[in-house]
Amino acid sequence: MLNSARQGHASVLLTDHYEYTMAAASLADGTADRRCVFEVFARRLPSGRRYGVVAGIGRLLERLHGFCFEQDDVDYLRDAGVVDERTADWLADYRFTGDIDCYAEGDLYFPGSPILTVSGTFAECVLLETLILSILNHDSAIASAAARMVTAARGRPIIEMGSRRTHEESAVAAARAAYLAGFASTSNLAAGRAYGIPTSGTAAHAFTLLHADEPAAFASQVAMLGHETTLLVDTYDISQGIRNAIDAAGPGLRAIRIDSGDLYVMTQQSRDQLNSLGANDTAIVVSGDLDEYSIAALAAAPVDMYGAGTAVVTGSGAPTANLVYKLVEVEGRPVVKRSENKATVGGRKTAVRRHKPTGTVVEEVVASQGTPDPMPGDRALQTRVVEAGEPVADLPSLTDSRSLLREQLIAIPWEGLKLSPGDPTVPVIMR
């Protein structure tokens, strides 16, 4: 992402105070080097959701590579009284030396799925909690919402255009997560450069208002970008805007965009008008606070492409995936949190997803110790991505992750693709 070296350095302080006090206390009492296992999972999905999408693994591993302390970080933590001298010395030499196993980016998860497992000493693992959760919670929430929009679009492409509705760096991560989920492109140039995502965009209403009239604005845009541009036709009157657009670009105009009004009605009228003007191949792009529900409502409308922004970067009402990072094993001994409504299952988990011979998913089986008894059609869900602090192999590309998600959405029972509220489409069985 943006200035990855700087961000990797800053990430050691983009964390919670208590991670450092726990590390300090464990160093003082001799428990810091106990071998531990932490797991990331969701106790439940956001209300009404039937699956979640794993996203952010690649970004996490990029940040983990730069998770080390420079002297000014150590000085700040010591001078602020967050850590003592012993811990400050330990932080100066910190490098994560443990292992990480995880679900692949683009895979699905359900309540109880052990999405990511971190193994190492207590002190080195506990410092990673906020780094891991902040990335995975954000990116998985965005990808999960975006996947629902892609399903609702029924093959019509969607442009991610939410940069102006979120933090500038979150916008880049959101564009990546949306592209993983199947969006066709993004308006965010930083995401395009960082991740190779196709970018798109032409002009806003401001460009039309800048000129003396709409014909002048369209003529200027066509002169610069050619007939393959998209003209925004609803600054004043849509019908006149369409006439002006075709006058400026001719019937070979690539597309018009409509950003307001009753989109179902307006697209029907616009399609008829374009056809009457001989612009039968001119596409219609719609935008304006679209989410999965409004996209689904336009399924029968003559829409060729959608632009979605605010709903994408806010997870369409679920801005976090509600993932947690919990200690489940110490020195090979399962440990259990028994808090009411927040209990955990002890022991390092192993997960497989079971399928019918037809390929449809039946259930996810999670063993709290050992591995589930193998059955035909099982697919192991975790793979090792970091061993002894070093990446094991190259991660799948975003293209690979997009393909995996498409495959998994085809494999789940069809009820899982409904937008109506319902239970998780795949049960997770703990054994």
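**Figure 1. The lining of the largest pocket comprises nine nonpolar, 13 polar and seven charged residues.** The model is predicted, so local features need pLDDT of at least 70 and side-chain atom pairs pLDDT 80 or more, whereas totals for chains, interfaces and linings use all residues. Residues are numbered from 1 along each chain as its sequence is written, and side-chain values use heavy atoms, without hydrogens or water. The space in the largest pocket is about 710 Å³. Its lining has 29 residues, among which Met161, Arg164, Ala203, Arg257 and Ser287 are the closest to the centre. Strand E11 (residues 305-308) supplies the largest share of this lining, namely three residues. A pocket is an open set of points on a 1 Å grid over the protein atoms alone, with protein on both sides within 12 Å along at least five of seven lines; a cavity is a set where a 1.4 Å probe fits but cannot get out, and lining residues have an atom within 4 Å of a point.

**Figure 2. The largest cavity holds about 50 Å³ of space.** Three cavities of 30 Å³ or more are counted in the model. The largest cavity is lined by Pro46, Arg49, Tyr51, Gly52, Tyr109, Ala141, Ser144, Ala318, Thr320 and Ala321. Six of the residues in this lining are nonpolar, three are polar and one is charged.

**Figure 3. Seven strands build an open sheet with antiparallel pairing.** Strands (E, at least two residues) and helices (H or I, at least four) are DSSP runs numbered from the N terminus; strands pair if DSSP finds at least two bridges between them. The order across the sheet is E13-E12-E1-E5-E3-E17-E18. Strand E13 (333-334) and strand E18 (390-391) are the edge strands, each pairing on one side only. Three antiparallel bridges join strand E3 (residues 99-102) to strand E17 (residues 383-387). Ile100 stands opposite Val386 in E17.

**Figure 4. Helices H3 and H7 lie across strands of the model.** Helix H3 (residues 57-65) lies across E3, strand E5 (116-121) and E17, and runs at about 15° to E17. Helix H7 (residues 129-153) lies across strand E1 (35-42), E5 and strand E12 (323-330), with an angle of about 140° to E12. Angles run from 0 to 180 degrees between N-to-C directions of axes fitted to C-alpha atoms, for helices over the stretch in contact (heavy atoms within 4.5 Å).

**Figure 5. An unreviewed UniProt entry lists residues 159-342 as "domain: Nicotinate/nicotinamide phosphoribosyltransferase".** Such annotations may be inferred rather than shown by experiment. Over residues 159-342, the chain is 40% helix and 16% strand. The end C-alpha atoms of this stretch lie 38 Å apart.

Definitions and conventions. Grid points are joined across faces, edges and corners, and a volume is the space filled by probe spheres set on the points. Ala, Val, Leu, Ile, Met, Phe, Trp, Tyr, Cys and Pro count as nonpolar, Asp, Glu, Lys and Arg as charged, and the others, Gly among them, as polar.
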